[in-house]
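Please walk through the fold of this protein, from its overall dimensions to its helix packing and its backbone exceptions.

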Amino acid sequence: MAQVSEKISEAELVVMEALWEQSPLTANDVADRVTAARDWSAQTVKTLLSRLMAKDVIAADQDGRRFLYRPMVAREDYVASESGRLVNRLFGGRISPLVAQLASQDQLTDDDIAELEAILKGLKS
């Protein structure tokens with residue numbers, strides 16, 4: 001799968017989540033999945049699909065008179081890319097200031113801390 005070169009907007013991300021969950025989907029299928037939570041028209045979804053195609057993060061295959069849309073970027077790759085951008089932009093590429101920021105805002109649960117400890121322990125061994 002491809003890498004993300006351009007930023008995906010919050011609205012585009014909603015469409016991507018639908019495609020990551022199941023693909024290929026028609027524009028109407030995507031609209032059915034996202035319009036319940038959002039007050040979007042089918043035309044809005046089609047516009048978002050067009051933007052995502054222009055960014056080369058989805059592709060469309062013609063199936064008769066309709067197109068079937070599928071992601072060209074794996075969700076894991078997108079999350080890794082966005083996480084890296086966040087850490088680089090806000091924390092100079094360092095993870096520990098991010099964790100310190102979350103801890104100082106009481107945003108780490110006991111489960112989060114235990115999970116981080118297990119990850120660090122695994123990295124040391």
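The paragraphs below go from the whole chain to single residues.

This is a predicted model, in which local features need pLDDT of at least 70 and side-chain atom pairs count only at pLDDT 80 or more, while totals for chains, interfaces and linings use all residues. Residues are numbered from 1 along each chain as its sequence is written, and side-chain values use heavy atoms, with hydrogens and water left out.

The protein contains 6 helices and 2 strands, where helices (H or I, at least four residues) and strands (E, at least two) are DSSP runs numbered from the N terminus. Their order along the sequence is α-α-α-β-β-α-α-α. The domain assignment, which is automatic or taken from a database, gives domain 1 (10–71) and domain 2 (75–124). The centres of domain 1 and domain 2, taken over C-alpha atoms, are separated by 30 Å.

Along the principal axes, the C-alpha atoms fill a box of roughly 55 × 30 × 25 Å. Of the 125 residues, 29% count as buried. Buried means under 20% relative accessible area, exposed over 50%, and partly exposed in between, with a 1.4 Å probe and protein chains only. Contact means heavy atoms within 4.5 Å. Among contacts between residues at least 6 apart in sequence, 54% join residues at least 24 apart.

Two packed helices are described by the angle between their axes and the distance between the axes. Here axes are lines fitted to C-alpha atoms, for helices over the stretch in contact, and angles run from 0 to 180 degrees between N-to-C directions. Helix α1 (residues 10–21) packs on helix α3 (residues 42–54) at an angle of about 85°, with the axes 10 Å apart. The two helices α1 and α3 are therefore roughly perpendicular; angles under 35 degrees count as roughly parallel, over 145 as roughly antiparallel, 65 to 115 as roughly perpendicular and the rest as oblique. From α1 the contact takes Ala11, Glu12, Val15, Met16 and Leu19, and from α3 Leu48, Leu49, Arg51 and Leu52. By class, this contact of α1 with α3 has 7 nonpolar, no polar and 2 charged residues. Ala, Val, Leu, Ile, Met, Phe, Trp, Tyr, Cys and Pro count as nonpolar, Asp, Glu, Lys and Arg as charged, and the others, Gly among them, as polar.

The axes of α1 and α2 come within 10 Å and cross at roughly 110°, which makes α1 roughly perpendicular to α2. Val14, Val15, Ala18, Leu19 and Glu21 of α1 meet Val30, Arg33 and Val34 of α2. The residues of this contact of α1 with α2 divide into 6 nonpolar, no polar and 2 charged.

Most residues other than glycine have a negative phi, and most peptide bonds are trans. Serine 23 and proline 24 are joined by a cis peptide bond, with omega about 0°, and proline 24 is in the loop between α1 and α2 (27–34). Aspartate 56, in the loop between α3 and β1 (58–63), has a positive phi of about 60° and counts as exposed at 55% relative accessibility. Aspartate 106, in the loop between α5 (95–104) and α6, has a phi near 55° and is exposed at 71%.
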